[in-house]
Amino acid sequence: MTEPYVIKMPQLSDTMTEGVVVSWEKAVGDKIVRGDIVATVETDKAIMDVEVFRDGYLSGPLAAVDSTVPVGEALALLVSSADDVKSGEATTLAAGELAESSQPGGAAASQQVSAPESASTPEAASYTITMPQLSDTMTEGVVVSWEKAVGAKIKRGTVVATVETDKAIMDVEVFREGYLSGPLAAVDATVPVGGAMAYLVERKDQVIDEQAAPHVIRLAESSTAVVAETAAVPAASTPSVSVSGVTPAPRPQGRGATPYARGIATQRGIDLNTISATGPSGVIIAADVQRAQPAGGLAAAAGFPQVDVPGDGRPMSKLEKATSDAMTDSLSMPTFRVTTSIRLGGLIRASKAQGASVTVTIAKACALAMQEFPNMNWCYQPQDKLVERSGVDIGMAVAADGGGLVVPVLRACESRELEELNRDWKDLVERARKRRLKPDEYTGSTFQISNMGMFGVSHFDAIATPGIAAILAISADTEQGSPFTITADHRVVNGADVAMYLKSLKTLIEQPQVWMGSTGPAIPEGDWDYDVVVVGGGPGGEDCARDLAGHGMKVALVNDAPLPGGECLWRGCIPSKAWRAAADRIRDRLDDDHLGIRSGNSSLDWDKLEATRRKVLETRGDMALKTDKGVKIKYIQGFGRFVDGHTLFIDTSGNNDDPHTRAQVADQPQGENVSFGCAVIATGAPPFVPPIPGAIEGLGEGGGVLTSDTVWTLDKLPKKLVVIGGGAIGLEMAQIFQDFGAQVTLLEAQDRILAEVEPEIAKQLTAVLNNDPRLTVHTSVQIERISGSAGAVSVKYKDQDGKAHTIKVEHVIMGTGKRPVLDGLDLGKAGVLSENSVIKSDARCRTNVAHIFAIGDVIGGLMLAHTAAQQGRVAAATILGEDMKYEQDKDCGVIFTRPEAAFVGLSLEQARAAGVDAVEVKVPMNIDAKAMINNEQHGMIKIVADKKTQRIIGVHLLADHADTLIGEAVMMVSGNMTLEQVGQAIHPHPTQTELFGELARRLSSRLRRSARVKAK
Ligand SMILES: Cc1cc2nc3c(=O)[nH]c(=O)nc-3n(C[C@H](O)[C@H](O)[C@H](O)COP(=O)(O)OP(=O)(O)OC[C@H]3O[C@@H](n4cnc5c(N)ncnc54)[C@H](O)[C@@H]3O)c2cc1C
């Protein structure tokens, strides 16, 4: 017989952890073919089909209808032949157990666990409402309230009662329909997990209005159904007691346990993770559980005397008893204490500036310090084992309303941002006070913090309990600092570990700016001419200066041109898009015929285009200067260079009236010194010309080599061109001139163009460009020499096979990238460091000098105008003491070719390289009606999503109008939107934005299906 296939409870939603078997659509022994629906299960959201993608025969043990089965555990078996079919029903048996039980010669299990029944179960009862197990440790609950009265009509999902567990008050939901019937467990009655609380009947006249007698709601101790141990357990050790009606305790991590052992573990409140196994293959059997001591009883069992105390004690509440048990258990730990004083002032200020709770900020610091000392996060596990944990889940005590302490757990403190942790903590605290936490919100901490400093306590220590290695007690802040005392388990950490951990924690807490970023305004005290001097008036400098001025800062904007705007306005984005607009008109005419329009041949009037281009630039430049002055920015024309850390010399010797070209400073400097509190360097990056023989020589007057700085000086349209470099600037130029009518050869040294663009998009764009009639793209070439002068230039190169070529053209345009020129800035005098020709700055745009910032092209990375502008706003925010970071993973770009290539966020490759389990979905543009109508069918749209969170982390387009389409994609990525959100948004028809919704729904559905298939 081949091994049976286990049909498991599939995970049908993100949040689903278990499902209820609603029906079996096939009977035991039925032949099953791929795709058959064998059962339906109820998830936390809906009733869904369980499909099987195998052939075989349905075999027991079958999970009973109504039983709750955890995701991934067995519902039934599929066997290969009808002869192998077994009948029988199971409850929540784990897949491993079922598989074990069906192995040939393996332990035979006759597991029959019945639903709890009692003497007073009404005859007409269609369903028993039982005490749910709401936490791993819960063995019984107290009925706090009935939310529905006897006789009330109950719908699926109705909360019928609330019960008190050992930690919180929680809702009891019912996923059936019927009428609520007695006998009803009384308010305040203690009902064991799995014991009956009430019943549902089908008709109102069947309702019994009675309260259950206390003995009836106790866990039944005898039952018709008996759970037998596996055959591997010696007969003598097989107890004859029943665990009918008991929800088996959760399986221990990574090990097996027999159902009977799990039943007894529930009864005795024993965590199966804490005991040793003697069963076959390490399976925990009943005898193991019987040998183990129940929670809370350890110390008593170890012989601690229970001293008789006079008086008439009241029984402890659940919460009090849970605390008492935990504290008694702590006596089993060999602990020691270490104290150090830590000054909290800086951290309190930094927390305030970022709107974070000081306790959460300390928790984050504790988690960061554990990166160096991970054993602070481990724990001892009986017998003689250490549980090594990487996720730092910090429990912090909160006083509950009405007394008692609840310890909500702030998860993943090591990896989540402070802002997110803070948001989570706020919510946890609010609900903890009202004791409305769910079990997984207050269990399983890996480290704990108790902060009594806020009560002015001068010194205290806290008690560590099993499951953690250390607990931190924080006392009140004094001039010497606040005593931080760690109580630690010596089996896990030693004194030196804790001492060094505290030392590292002290550094993190006393120097929060190192890891928290902005901790308040950055402008140092002083009598400065300007609060901030911004050097460079491009998009980066301008946006920075405007934000600062808007916040009342005294700002000077120093720029070596009569008008602001920088490269973007005068030599980059705007002029190139003026040319692109003209090229678009010419190109669109070629498609007129497709729609039956006869418009004739178009021709370009170069002088007219140039006049329009210059007019646009000058108008925009004028407007920008007026706005700058209007918001009270002091615009100073001149070239800035540092004199020292707080002084800039503004050299006006090169000033001229032409904003279109880069200014050159004269040999004899002249100008003025200005002092500043903070400086922002935003000086951009001019075109870079590599050392190709003849290239630099060709740049001079009369030479045939142009760059993106000088191409604007062309007085007529060239007929033949070579463009060197297949980046965005080179490609845009090459295609514009081909559209204008020139013959263009693009030469690229690398084996592909657009190295920074998503590979499939770049590949498709290469094919499209090569289809343009007057444009040829050659990759993997080696350029040997450029010679000649304007109008007659020769370019010698070798192709990828090493074959030599010479092309004769009128001009060569260098599109070989941009590189900052730092020499003139005298950065050394201000102590600012650079590396590989760019200024080093962090995500908050800070250089190595605390009050000097750098933004835009001068810091490298994506050299784009909107990137520079965003970084300008980040620098301004940091100077103002606000919390803002530049996130490259959410940045975007457009390459203005036809079709346009555009991106935002990560590609699949980049996401996977960053460790994200990512997936992509794509659609070609040629299926779109709008694209067909306009004859714009080239290209595609791709969405990249994180499988786990289903958030959209990247969108990549090759499409006409991608510059507009990318806007919606930017909102998806920057707004952390999920596939579901985008899929559910209503997109207007007929537009290409509909494709976003379609793609999101498609990927969502695929992920859902694959999760289902995987779950099997
Ligand atoms: C042909 C071309 C097309 C482009 N197209 C696009 C596009 O479509 N989209 C896009 O996002 N980006 C585009 N870019 C890139 C964009 O122009 C730059 O990324 C952007 O201008 C960078 O802004 P910045 O503020 O860092 O620097 P810049 O815009 O370069 O501004 C820096 C300013 O500082 C001045 N300066 C330098 N040193 C000093 C000093 N010591 N003292 C005083 N002033 C100084 C400079 O003269 C300049 O005015 C294009 C670039 C080119 C060349």
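Modeller: Happy to! One cut-off first: a residue counts as buried under 20% relative accessible area, as exposed over 50%, and as partly exposed in between. Please also keep in mind that this is a predicted model.

Let's begin with serine 780. Its phi is near 55°, a positive value in a residue other than glycine. You will find serine 780 in the loop between strand 38 (775–778) and strand 39 (782–789). Its relative accessibility is 25%, so serine 780 counts as partly exposed. Serine 837 also has a positive phi, about 70°, although it is not a glycine. The loop that holds serine 837 runs between strand 43 (834–835) and strand 44 (838–839). Serine 837 is partly exposed because its relative accessible area is 31%.

The peptide bonds deserve a look too. Between arginine 898 and proline 899 the bond is cis, with omega near -10°. Proline 899 sits in the loop between strand 46 (892–895) and strand 47 (900–905). Histidine 989 and proline 990 are likewise joined by a cis peptide bond, with omega about -5°. For proline 990, look in the loop between helix 23 (979–984) and helix 24 (994–1015).

Arginine 898 leads us on to the side chains. It belongs to a network of salt bridges that also links Arg580, Asp584, Arg587, Asp588, Asp739, Asp772, Glu936 and Asp960. The model has 43 salt bridges in total. One of them pairs arginine 436 with aspartate 171, with the closest N and O atoms 3.0 Å apart. This pair links distant parts of the chain, 265 residues apart: arginine 436 is in the loop between helix 8 (418–433) and helix 9 (439–442), and aspartate 171 is in strand 15 (residues 169–174). Arginine 436 is partly exposed at 34% relative accessibility, and aspartate 171 is partly exposed at 34%.

Lysine 922 and glutamate 760 form another salt bridge, with 2.9 Å between the closest N and O atoms. Here too distant parts of the chain are linked, as lysine 922 in strand 48 (residues 918–924) lies 162 residues from glutamate 760 in helix 17 (residues 759–771). Lysine 922 has a relative accessible area of 35%, so it is partly exposed; glutamate 760, at 26%, is partly exposed.

Finally, the ligand. Among the 35 residues around it, Asp560, Glu567, Lys577, Gly640 and Ala865 come nearest. A polar side-chain atom of lysine 577 is 2.7 Å from a ligand oxygen atom, and a polar backbone atom of glycine 640 is 2.8 Å from a ligand nitrogen atom. Methionine 863 places a backbone N or O atom 3.2 Å from an oxygen atom of the ligand. The protein buries 95% of the 990 Å² that the ligand exposes when taken alone. Elements that each supply at least two residues of this shell include helix 14 (573–590), strand 32 (639–644) and helix 19 (865–880). By class, the shell is made up of 14 nonpolar, 15 polar and six charged residues.

Notes:
Residues numbered from 1 in each chain as written. Predicted model: local features only at pLDDT ≥ 70, side-chain atom pairs only at ≥ 80, totals over all residues. Heavy atoms only, no water. Near = heavy atom within 4 Å. Polar contact = N/O pair within 3.5 Å; in protein donor to acceptor, adjacent residues only side chain to side chain. Areas by Shrake-Rupley, 256 points an atom, 1.4 Å probe, with all protein chains shown as cover. Helix = DSSP H or I, 4+ residues; strand = E, 2+ residues; numbered from the N terminus. Nonpolar A, V, L, I, M, F, W, Y, C, P; charged D, E, K, R; others polar. Buried < 20%, exposed > 50% of the residue type's maximum accessible area, 1.4 Å probe, protein only. Salt bridge = Lys/Arg side-chain N within 4 Å of Asp/Glu carboxyl O.
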